[in-house]
Amino acid sequence: MTIQIDISRYKNLAVQEHEGGVWVVTLNRPAKRNALDIETIEELVEFFSTAPRAGVRAVVLAGSGDHFCAGLDLIEHHDEDRSPADFMHVCLRWHEAFNKMEYGGVPVVAALQGAVVGGGLELASSAHIRVMDQTAYFALPEGQRGLFTGGGATIRVTDLVGKARMIDMMLTGRVYQGQEAVDLGLAQYIVEGSSFEAALELAHKAARNLPLSNFAICSAVSHIQNMSAMDAAYTEAVVAGVVNTQPDARARLAAFADKSAARVRPKK
Ligand code: 1HE
């Protein structure tokens with residue numbers, strides 16, 4: 001019951017299929033520094049709702065131009081002059097998109113450059129792996145703009161950097177970049193060259209895992225984090241029961257047994 005992804009439906013995203021089931025989704029409003037307007041969020045909901053049922057094995061999420069994403073479209077927000085209820089519904093659509101990413105079961109690798117700020121950091125923190133280049137920087141300018149985070153930063157950015165740093169970022173507009181950003185957990189990789197090329201390579205690596213293993217890694221880990229220790233242990237056992245007995249794993253286990261499978265070795 002595989003469904004098709006219709007790339008012609010996307011206007012603010014550029015959606016491309018690469019080989020091996022890897023798809024590249026690019027925020028495509030560089031003139032607006034890829035700010036997230038309502039239409040972009042709806043397209044993210046659509047793509048990440050469809051991807052798990054469309055045979056997508058991994059996604060690279062990128063931004064076109066010099067910046068990954070400038071966060072909430074402040075001009076749209078200003079022009080719309082929204083009511084509290086309106087903006088609550090906007091935020092619920094952001095959560096729909098970002099939860100589909102984090103809990104959808106398909107590995108998402110974000111390729112970061114330039115500004116990864118406000119809602120852009122909320123988006124990036126919904127990916128499973130973040131790769132930054134030397135130009136990437138992270139900030140939460142909400143405090144300065146008279147705003148508050150609404151796309152999950154209180155959950156995901158706090159998870160990455162801890163409560164005290166999250167509050168400092170919001171109060172003072174502190175910017176993190178370079179190796180320090182990796183040391184804090186804002187990104188897992190920093191590269192000299194293109195973050196896109198590095199992200200693509202990681203996505204291909206993840207795509208070679210069995211889909212059911214990736215489904216568990218990219219949904220069960222997040223669900224389990226939300227549970228009590230007792231429920232988490234139970235759920236882990238149930239998920240492992242299903243994943244670790246999948247028929248497709250037998251060939252991989254047989255290759256280990258007959259010594260034809262690669263061994264785990266440190267880097268030379
Ligand atoms: C935008 C946006 C935007 C740029 N909404 N239009 N986010 C922020 O507070 C970050 C706001 N943006 C910036 O600080 C800078 O634009 C950047 C550091 C990202 C890039 O700087 P620069 O010098 O390359 O570009 P620029 O000249 O500032 O902007 C170029 C154009 O992009 C310009 O439009 P133009 O029509 O005048 O050419 C800008 O208006 C437009 N642009 N950023 C709309 N964010 C669910 S709650 C989430 C809450 C938040 O995310 S708050 C954080 C918002």
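A nonpolar core is a set of buried Ala, Val, Leu, Ile, Met, Phe, Trp, Tyr and Cys residues joined through side-chain atoms within 4.5 Å. In this predicted model, the largest such core holds 51 residues, of which Leu44, Phe47, Phe68, Phe98, Leu112, Leu123 and Phe138 touch the most other members. The points below treat the cores, the aromatic pairs and the sheet in turn.

**Nonpolar cores**
- Phe138, one of the residues touching the most other members of the largest core, is in contact, once its neighbours within four places in sequence are left aside, with Leu112, Val116, Leu121, Met132, Met169, Arg174, Val175, Tyr176, Ala181, Leu186 and Ala187.
- A second core, separate and made up of 15 residues, includes Ala58, Val131, Val191 and Ala199.

**Aromatic pairs**
- The structure holds four aromatic pairs, one of which joins Phe47 and Phe48 in an edge-to-face arrangement, with 5.1 Å from centre to centre and 85 degrees between the planes.

- An open sheet is formed by three strands in the order 5-7-8, with mixed pairing.
- Strand 5 (115-117) and strand 8 (176-177) each have a single partner strand and stand at the edges, so one side of each is left without a neighbour in the sheet.
- Strand 7, which spans residues 137-139, pairs with strand 8 in the antiparallel sense over two bridges, and the bridge partner of Tyr137 in strand 8 is Gln177.

Terms used. Residues are numbered from 1 along each chain as its sequence is written. This is a predicted model: local features need pLDDT of at least 70, side-chain atom pairs count only at pLDDT 80 or more; totals for chains, interfaces and linings use all residues. Side-chain values use heavy atoms; hydrogens and water are left out. Rings of Phe, Tyr and Trp (its six-membered ring) pair if their centres lie within 6.5 Å; planes under 30 degrees apart count as stacked, over 60 as edge-to-face and the rest as tilted. Two strands pair if DSSP finds at least two bridges between them. Helices (H or I, at least four residues) and strands (E, at least two) are DSSP runs, numbered from the N terminus. Buried means under 20% relative accessible area, exposed over 50%, partly exposed in between (1.4 Å probe, protein chains only). Contact means heavy atoms within 4.5 Å.
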